[in-house]
Amino acid sequence: MMANPCTPLLDEHDAVGLASLVRGGQVSARELVDAAIDRAEALDPSLNAVIHRQYDRARRDADGPLPDGPLRGVPFLLKDYKGREAGEPYHMGVRLLQELDYRPSTDSGLALSFRAAGLIPIGRTNTPQMALMGTTEPELYGPTHNPWDLTRSPGGSSGGSAAAVAARIVPAAHANDISGSIRIPAAMCGLVGLKPTRGRVTSSTVSERAVGMNTEGVLTRSVRDTAALIDATAWTSPWWPAPALSRLLVTEVGAPVERLRVGVWTTAFNGALVDEGCRTAAIHAARLLESMGHMIDEAAPASLSDPTLWSTAKSALAIAAATEADAWTARIGRPFVAADLEALSWASIESGRAMSGVEVLTMLERLQVLAATALSWWNDFDLLVTPTTASAPTPHGEYVRSYESGRGSAFTRPFNVTGQPAISLPLGWPDDGLPRGVQLIAGYGREDLLIRVAAQLELAEPWAHRRVPSIPAR
């Protein structure tokens, strides 16, 4: 097969750059979509990242009239959890839904927002069952392989999206985060991953409303792509309205940064063992910020290590899983039962179902108190810097075997409780060849500050030139 002459554009440009080429007439949306499909067909047999293909629809979309959005004509991938589209397969790792060939009858608001921005989805990406794990190894579709080392996990639960973006099949992909599921795969695949403030981005399911820990977002290779995509999907939530931003986030890229007071912390909030490469990456990022004139202190909110926060957050995740599972009864005409689900998924759902209404309300109240206590730390500090994860990308099977160790979400989960924006940046590149992420956390509603500082760090230590090792094409 002849090489697609537009394929190199996927290596050379981020999503904003590709959209600029489409607007300028240097390349067509159809050419970009064909290039992304060609790359997916060549690389995905080694990655197992794209589980549902909608190539014919993507080509029709590219040939037809497109919205004049900021990312017009750019190929994209949706995660197979939330972001539902009418008529497209939607399984979230559940075999029963695959057997029923379940296809939603309506589009989610999130998918509509992505399309209004001009993005063209070419398929959907692999996810652990019901997005309940920090690795992407569902029994239904099998493991997704990390492009940096095919024997390892790309993290989760947005691991399929992360692997596809890291392999440059598409410049950006949909992700979501209830305990670190944007930031963890960003760290493990060398990407940018922003968990927005609670309520900042369009939601589409009941579980966000139930506990307020989940948020939608994207995985990208550049700070400006992340800013542009969050701008494109922002809304005012009727359940968890985020503080209004004074201007678009894309205008924060390259904006000056005032002198900040920054806390750095490398001890896992849940007591998990921290990999030296992860620790070193955070310390290096803090020193880089100090060299830019920012004030650095070894400090973090003590309440983030409160065992009550961790036990309550685990209960909240179980409530979200139970709420999600019970919502399927109306869609498919019967409830999920144990035989339909993996053992860990069923255990989480049963745990959530076992809680009484009084216990749920008490849990939500406790979460709010814990969040308020933690947030008060940001009255004195502007940013907190931590490793994104406590471990390097793990060999396949290891995460599931050591599920209770909590290393994947050791630094991420508390900020799903507090609702703050947190971004993972690919600033750790040790000699073992496996990327490590550095997490920056700002005060509630301060994505503007995160984007400003992230762009400053990206300029100081660029990562766009870093490429995954050669992936065998099949």
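I'm counting a residue as buried when its relative accessible area is under 20%. The model I have open is a predicted one.

**Strand β4**

I started with β4, residues 172-177, and checked burial along the strand. Six of the six residues came out buried, so the rest of the structure largely encloses this strand. Side chains in a regular strand alternate between the two faces of the sheet, and I went through the faces in turn. On one side I have A172, H174 and N176, on the other A173, A175 and D177, and all are buried, so both faces are covered.

Which strand does β4 pair with? I found β6, residues 215-220, running antiparallel to β4 over six bridges. I also looked up A173, and its bridge partner in β6 is L219.

Next I turned to the helices, noting the angle between the axes and the distance between them, since that is how two packed helices are described.

α2 (residues 15-24) packs on α10 (residues 223-233) at about 75°, and their axes are 8 Å apart. Angles of 65 to 115 degrees count as roughly perpendicular, so I logged α2 and α10 that way. I see A15, V16 and G17 of α2 touching R224, D225 and A228 of α10. That contact splits into three nonpolar, one polar and two charged residues.

α6 (residues 109-116) also meets α10: their axes come within 9 Å and cross at roughly 120°. I therefore put this pair down as oblique, with a right-handed crossing. From α6, L110, S113 and F114 meet L229, A232 and T233 of α10. Here I have four nonpolar residues, two polar and no charged.

Technical notes. Residues numbered from 1 in each chain as written. Predicted model: local features only at pLDDT ≥ 70, side-chain atom pairs only at ≥ 80, totals over all residues. Heavy atoms only, no water. Buried < 20%, exposed > 50% of the residue type's maximum accessible area, 1.4 Å probe, protein only. Helix = DSSP H or I, 4+ residues; strand = E, 2+ residues; numbered from the N terminus. Pairing = 2+ DSSP bridges. Axes fitted to C-alpha atoms, helices over the stretch in contact; angles between N-to-C directions. Parallel < 35°, antiparallel > 145°, perpendicular 65-115°, else oblique. Contact = heavy atoms within 4.5 Å. Nonpolar A, V, L, I, M, F, W, Y, C, P; charged D, E, K, R; others polar. Left-handed = near helix turned anticlockwise from the far one by under 90°.
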